[in-house]
Amino acid sequence: MALLVVPACLLVLALLIGPMILMFRISLNQFSPTQLMVQALSPDNYIKAATDPYYQQIILATLGIALLCTVLTLILAFPAAYWLGRMESRWKSLVVIATLFPLLVGNVVRSAGWMALFARDGLVNTVLMKLGVVSAPLEIMYTTKAVIIGIIAVVLPYMILTLSAVIESIPRDLEYAAANLGASGARVFWRVILPLSGPGVAAGSILVFVLCMNTYATAVLLGGPRFKMMAPAVYDQFVRGNNWPMGAALAFMLLAVTMAFTVFGSVAFARRYRTG
């Protein structure tokens, strides 16, 4: 039976591990304005990415936005996930499909839709001005708020579906028992639902965090050219600056930061869940 796994392992090695090894080798080269890439074995690109205030600011901004979007997505997704997990209607499959439907549309198309809503003459400003809420168009596009809203809209279905699958497995009798013992709805949530849905919270948060850390189209289209996150910065080094060594180093820095926070979160949750 173990031999059946060999073709899949070889495919993963060829399509994933192989390119990553090549990319790491490129990251150790040096950049030359005339020769573009000079063969070397130097950590200079990593040192520059770690010590340059410009790249430090980009890394911190990416990390902060990813953490904030993960927390907000969890808060927004939990009510919908609970409702979906407890649904017993024959329409449940249609609701799941409706939740999945946004994932069928590319991030570029969805970001273009948000641009139509957030523009100075877009739907949001038009409605607000018609209602007399504001006297001048709001500056929504090319701001951090627009990027955060766009990212949450992208990752929200992942969190809802992950949480709902776990909540569905929690017996309803536990809620009824807690309510019969005098627990309020909020206490039932904090003492029963939330602890038992911990695996879903952890899995959904890790998945959403990874997606937020690596967002590209949403950051570029809604944040504008002056808004910097790691994925657009990697693209700029590869395509606009032709600096492949620095682009590869930034890509591995992004991978390292994402993996570090993912592993830390997984270990912290596993320890908390085991001791709880």
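Mentor: A definition first: helices are DSSP runs of H or I with at least four residues, and strands are runs of E with at least two. Please keep in mind that this is a predicted model.

Trainee: Where does UniProt place the "transmembrane region" feature?

Mentor: The unreviewed UniProt entry puts it at residues 58-82, 94-119, 146-167 and 244-270.

Trainee: What is the helix content over residues 94-119?

Mentor: That stretch is 73% helix and 0% strand, with its end C-alpha atoms 33 Å apart.

Trainee: And over residues 244-270?

Mentor: There the chain is 100% helix and 0% strand, and the end C-alpha atoms lie 38 Å apart.

Trainee: Turning to the core, which residues of the largest nonpolar core touch the most other members?

Mentor: The core has 56 residues, and those with the most such partners are Ile65, Cys69, Leu163, Cys212, Met213, Met230 and Leu250. Among the elements that give two or more residues to this core are helix 3 (53-86), helix 7 (144-168) and helix 13 (244-275).

Trainee: What is Leu163 in contact with, leaving aside its neighbours within four places in sequence?

Mentor: Its partners are Leu74, Ala77, Phe78, Ala81, Gly200 and Val201.

Trainee: Which backbone atom lies 3.3 Å from a polar atom of its side chain?

Mentor: The backbone nitrogen of Gln35 lies at that distance from the Ser32 side chain. Beyond its neighbours within four places in sequence, Ser32 is in contact with Met37 and Val38.

Definitions and conventions. Residues numbered from 1 in each chain as written. Predicted model: local features only at pLDDT ≥ 70, side-chain atom pairs only at ≥ 80, totals over all residues. Heavy atoms only, no water. UniProt positions renumbered as here; feature names shortened; annotations may be inferred. Core = buried A, V, L, I, M, F, W, Y, C linked by side-chain atoms within 4.5 Å. Buried < 20%, exposed > 50% of the residue type's maximum accessible area, 1.4 Å probe, protein only. Contact = heavy atoms within 4.5 Å. Polar contact = N/O pair within 3.5 Å; in protein donor to acceptor, adjacent residues only side chain to side chain.
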